[in-house]
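Work through the following exercises with the sequence and the model at hand, and try each task before reading its solution.

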Amino acid sequence: KKASKFGNVIIALTRDAEIKKYKGYVPEIKFIHRKEILQSFKDVYKVIPCNFIITDKFLKNLKIDFLVHGNDNFNKISKKKIKIFKRTKGISSTIIRKKACKNLKK
C-alpha cells in the first residue's frame, strides 16, 4: 500500500530455487501460489520472478524506477533508486515459520 504512492507496484518475487540457494530451505508455498496470492492485492499491478539479489541492471532492464524494500535491504541498488520502509514489527516469514513449527510440535 505504501509503495503504491510512488506509482504502479510491481512485486519482484524470489524464485523457489533462489530461496533454497540463499536461505537453505524450500519455501512452504510454491512460487506459483505465492504469486497468485500477491496478485490478488488491490494495489499490486504485476508480479514478476526475480533472483534473490536485485541489481540496478534488473531495474533498468524492466524499466522500474525504484526498489521499495524493508530496512533489512542488502540488494545491490544505487541509493537514488531505492525507497526504504521500516519493517512491520512482528511480521516476517521467519516468525511465521517458527510459530508454525511450534504449533506442529503440540
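**Exercise 1.** Determine which residues form one aromatic cluster, and which charged ends sit over rings of Phe 85 and Phe 66.

Solution. The cluster is made up of Phe 6, Phe 66 and Phe 85, where rings of Phe, Tyr and Trp (its six-membered ring) pair if their centres lie within 6.5 Å, and planes under 30 degrees apart count as stacked, over 60 as edge-to-face and the rest as tilted. Turning to the charges, the charged end of Lys 2 sits over the ring of Phe 85 at 5.3 Å from its centre, while that of Lys 83 sits over the ring of Phe 66 at 4.3 Å from its centre; the criterion is that NZ of Lys or CZ of Arg is within 6 Å of the ring centre and within 35 degrees of the ring normal. This is a predicted model, in which local features need pLDDT of at least 70 and side-chain atom pairs count only at pLDDT 80 or more, whereas totals for chains, interfaces and linings use all residues. Residues are numbered from 1 along each chain as its sequence is written, and side-chain values use heavy atoms, with hydrogens and water left out.

**Exercise 2.** Describe the aromatic pair of Tyr 22 and Phe 52, and explain which parts of the chain the pair ties together.

Solution. The structure holds four aromatic pairs. One of them, Tyr 22 with Phe 52, is stacked, with 4.8 Å centre to centre and 10° between the planes. Because Tyr 22 lies in helix α1 (residues 16-23) and Phe 52 in the loop between β2 (44-50) and α3, the pair ties together parts that are 30 residues apart in sequence; helices (H or I, at least four residues) and strands (E, at least two) are DSSP runs, numbered from the N terminus. Tyr 22 is partly exposed at a relative accessible area of 41%, whereas Phe 52, at 16%, is buried, given that buried means under 20% relative accessible area, exposed over 50% and partly exposed in between (1.4 Å probe, protein chains only).

**Exercise 3.** Is Thr 14 buried or exposed, and which residues does Thr 14 touch?

Solution. Thr 14 belongs to strand β1 (residues 9-14) and counts as buried because its relative accessibility is 16%. Leaving aside residues up to four places away in sequence, Thr 14 touches Ile 19, Phe 31, Arg 34, Cys 50, Asn 51 and Phe 52, contact meaning heavy atoms within 4.5 Å.

**Exercise 4.** Locate Lys 63 and characterise its phi value.

Solution. Lys 63 is placed in the loop between α3 (56-61) and β3. Its phi is near 55°, a positive value in a residue other than glycine, and with 75% relative accessibility Lys 63 counts as exposed.
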